[in-house]
Amino acid sequence: MDLLKERLQELAAKGRLSEEEKQKQKEKEDTEVEKLYTEWKGMQIEDSDPSLKVIPRFYMKLPDEEDALQQKLREEARAVFLQRRSEQLLDNDELKALYVVLDEQHTLPPDGEESMLGWDDFCAAAERAGDKCKRYFTPFVFAKLQQDDPYGRICMMSFFNYVMRKVWLHQTRIGLSLYDVTGEGYLRETDLENYILEMIPTLPQLNGLEKSFHNFYVCTAVRKFFFFLDPLRTGKIKIQDVLACSFLDELLELRDEELSKEAQESNWFSAPSALRVYGQYLNLDRDHNGMLSKAELARYGTGTLTSVFIDQVFQVCLTYDGEMDYKTYLDFVLALENRREPQALQYLFRILDVQQSASLNIFALNYFFRAIQEQLKAHGQEPVPFEDIKDEVFDMVKPADPLKITLQDLINCGQGDTVVSILIDLNGFWTHENREVLVAEGEDPTAALLADK
């Protein structure tokens, strides 16, 4: 009781301290905490390995989730580190000041040419630009930006755009790192979902989206990142890979309030594109249970995907009680809409590899092409002999092994999308078989196929 009373008196006295006295008290407390932590850490080092007192540790494993103090320390250290890195970047005013310096320093060009910087101009601008800009004024950058100018100069705007791009990349890297909960340079799905969800209010092109649709939009956007950057389905993607790909550029295009209709339709992250994909999903879901059955997915696109292919999709892909959810559907759409891309071919190859032998042999080709022959009969067309198609496919791919086709063969040949379409989609097969006629007549392949029925 006396101890409690003494502590209350201390707290009351602290409340009456001046600001200067409070600051001294805080510094004293910080010093005590640092001393206690150092002593505790030293004891741990002695207990674990005495050699660590002489040889420093080069690798520190992640703290256990139960170790609240270590977790908090690591989190605070990362926050301070990212804050310091952020302060080293040029802000808008400093970028404007850099442009003024470059504009005053540039070489006067002949009429009709862009403003240029010679090496002496470049060095003089570096002296005037300030310490934060010095990292950009290097011989390497100057040489990199040269475009065969007869006087050995570089374009002033090319250099300024280079600096702006570097600043943007570092800002984005720091922004993404704030969502990297583990601090290992990766983003999990939930991390990227949080990043995009908080970005929505900053993108004018998404202002019209209903708030109730935001979660579906985020799911649609995130799937593209993970489909292309995590083809092995590890559940995480490198921040470096996110920065290196063009997806963030496409996402940030939505800041443009005057983005054309055509640009929006071709941008996966735009509101019209997300609504289109989600609308298709709802239209396929005839029983309105929020999931797609085989029969419902068979109506996808022009409805010409073979039943054998649809069956195999449900066999290989993640389903729930034999039905497909929206996230799995997004992978399916991304694969079929981007058949030329290696990640899409990897997805489709996994479905075509019925024997799970990491290759497509004659049996696998025949297994899928029989369904195309059946569809041709149903449309009143004469079935094409399998031997002809088999020879054509192997001629297109030119595999290393003449008896089987690997994923790498399919990617290397440059015609993997055509091969896949021939095997899974009547419309794709018809387009390939009649490509010369259709190009000459400018006719839609689906309309031609239905007209011949």
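**Figure 1. Meet the whole protein chain.** Of the 453 residues of the protein chain, 39% count as buried. Please keep in mind that this is a predicted model. The protein chain holds 24 helices and six strands. Its accessible surface comes to about 27000 Å², and carbon and sulfur atoms account for 52% of that area. Take the contacts between residues at least 6 apart in sequence: 60% of them join residues at least 24 apart.

**Figure 2. Helix α18 packs with helix α19.** Two packed helices are described by the angle between their axes and the distance between the axes. Here, α18 covers residues 362-378 and α19 covers residues 386-397. Their axes lie 10 Å apart, and the packing angle is about 125°. The two helices, α18 and α19, are therefore oblique to each other. As for handedness, α18 and α19 make a right-handed crossing.

**Figure 3. A closer look at the residues between α18 and α19.** From α18 come Ile 362, Leu 365, Asn 366, Phe 369 and Gln 373. On the α19 side, they meet Phe 386, Ile 389, Lys 390, Val 393 and Phe 394. Sorted by class, this contact of α18 with α19 has seven nonpolar residues, two polar ones and one charged one.

Figure 4. Is Asn 366 buried, exposed or partly exposed? With a relative accessible area of 25%, Asn 366 is partly exposed; buried would call for a value under 20% and exposed for one over 50%. Now look across to Leu 423: Asn 366 and Leu 423 are 57 residues apart in sequence, while their C-alpha atoms are 8.8 Å apart in space.

**Figure 5. Helix α21 packs with helix α22.** This view brings together α21, residues 416-424, and α22, residues 426-433. The angle between them is about 120°, and their axes are 6 Å apart. That makes α21 and α22 oblique to each other, and α21 passes α22 in a left-handed crossing. Which residues of α21 and α22 make the contact? On α21 they are Thr 418, Ser 421, Ile 422 and Ile 424, and on α22 they are Leu 426, Gly 428, Phe 429 and His 432. By class, the contact of α21 with α22 has four nonpolar residues, four polar residues and no charged ones.

Methods
Residues are numbered from 1 along each chain as its sequence is written. This is a predicted model: local features need pLDDT of at least 70, side-chain atom pairs count only at pLDDT 80 or more; totals for chains, interfaces and linings use all residues. Side-chain values use heavy atoms; hydrogens and water are left out. Axes are lines fitted to C-alpha atoms, for helices over the stretch in contact, and angles run from 0 to 180 degrees between N-to-C directions. Helices (H or I, at least four residues) and strands (E, at least two) are DSSP runs, numbered from the N terminus. Angles under 35 degrees count as roughly parallel, over 145 as roughly antiparallel, 65 to 115 as roughly perpendicular and the rest as oblique. A crossing is left-handed if the near helix is turned anticlockwise from the far one by less than a right angle, and right-handed if clockwise. Contact means heavy atoms within 4.5 Å. Ala, Val, Leu, Ile, Met, Phe, Trp, Tyr, Cys and Pro count as nonpolar, Asp, Glu, Lys and Arg as charged, and the others, Gly among them, as polar. Buried means under 20% relative accessible area, exposed over 50%, partly exposed in between (1.4 Å probe, protein chains only). Accessible areas come from the Shrake-Rupley method with a 1.4 Å probe; for residues, only the protein chains shown count as cover.
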